[in-house]
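Have the model open while you read.

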Amino acid sequence: MAKKIAALFVQENGPYYNHEFIDAYGIERDARKYSLRLPVICHPPCERWGSYWFGGPSAKIRRKMGDDSGCFKSAIASVRKNGGVLEHPARTHAWKEFGINKPPITGGWVDAGDGMGFTCHVEQGHYGHPARKPTWLYAVN
């Protein structure tokens with residue numbers, strides 16, 4: 001049976017692997033090169049977009065915000081082109097950089113402000129994650 005969705009920027013051999021309906025792209029497949037037309041679930045790296053984008057208070061080397069080798073840019077382009085969902089930690093700086101409205105902490109889907117998608121705030125702890133893990137979602141179609 002044909003694959004129904006693609007999971008991009010996911011952990012190799014993680015929960016998206018070995019499902020007959022999911023075409024998973026970890027590091028070895030380089031999700032930035034994804035060119036199929038399947039709807040996507042994207043989990044681009046968040047290290048350069050979060051609270052410690054600069055490397056943290058004890059970092060010896062200061063980093064540049066958003067310097068993720070184009071992963072977030074590629075992920076949002078895939079969601080906008082193919083439909084699907086992108087997940088990132090709450091308060092990510094990527095939302096502002098890519099013109100997405102911040103969702104209300106109270107939850108619920110709101111217009112992303114980009115003319116294409118919707119965004120919301122979720123607590124992954126409500127869905128089985130062992131931690132609260134505040135997360136923002138961006139969805140198209």
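This is a predicted model: local features need pLDDT of at least 70, side-chain atom pairs count only at pLDDT 80 or more; totals for chains, interfaces and linings use all residues.

## Salt bridges

A salt bridge here is a side-chain nitrogen of Lys or Arg within 4 Å of a carboxyl oxygen of Asp or Glu. Residues are numbered from 1 along each chain as its sequence is written, and side-chain values use heavy atoms, with hydrogens and water left out.

One of the four pairs Arg32 with Asp30, with 2.9 Å between the closest N and O atoms. For burial, read buried as under 20% relative accessible area, exposed as over 50% and partly exposed as in between (1.4 Å probe, protein chains only). Arg32 comes out partly exposed at 39%, whereas Asp30 is buried at 18%. Another bridge joins Arg80 to Asp114, again with the closest N and O atoms 2.9 Å apart. Arg80 sits in helix 1 and Asp114 in the loop between strand 5 (110-111) and strand 6 (118-123), so this pair ties together parts that are 34 residues apart in sequence. Helices (H or I, at least four residues) and strands (E, at least two) are DSSP runs, numbered from the N terminus. Arg80 itself is partly exposed, at 24% relative accessibility.

## Around His121

Glu123 and Arg132 also meet in a salt bridge, at 2.7 Å from N to O. Glu123 is buried at 13% relative accessibility, but Arg132 is exposed at 52%.

Glu123 has a polar partner as well: its side chain is joined to that of His121 by a polar contact of 2.8 Å. (A polar contact is a pair of N or O atoms within 3.5 Å; within protein, one must be able to donate a hydrogen and the other to accept it, and residues adjacent in sequence count only if both atoms are side-chain atoms.) His121 belongs to strand 6 and is buried, with a relative accessible area of 6%. The side chain of His121 also makes a polar contact of 3.2 Å with that of Trp136. Leaving aside residues up to four places away in sequence, His121 touches several others, including Ala90, Pro103, Ile105 and Thr135; contact means heavy atoms within 4.5 Å.

Asp68 lies in the loop between strand 3 (40-42) and helix 1 (71-82). The side chain of Asp68 does have a polar contact, at 3.0 Å, with the side chain of Trp49. Beyond residues up to four places away in sequence, Asp68 touches Pro45, Arg48 and Trp49.

## The strands

Strand 3 runs parallel to strand 4 (residues 84-89), and three bridges join them. Two strands pair if DSSP finds at least two bridges between them. Val40 has Gly84 as its bridge partner in strand 4. Together, strand 3, helix 1 and strand 4 make a right-handed β-α-β unit: with the strands pointing away from the viewer, the path from the first strand over the helix to the second runs clockwise.

Strand 4 also pairs with strand 7 (residues 134-140), this time antiparallel, over six bridges. There, Gly84 has Val140 as its bridge partner.
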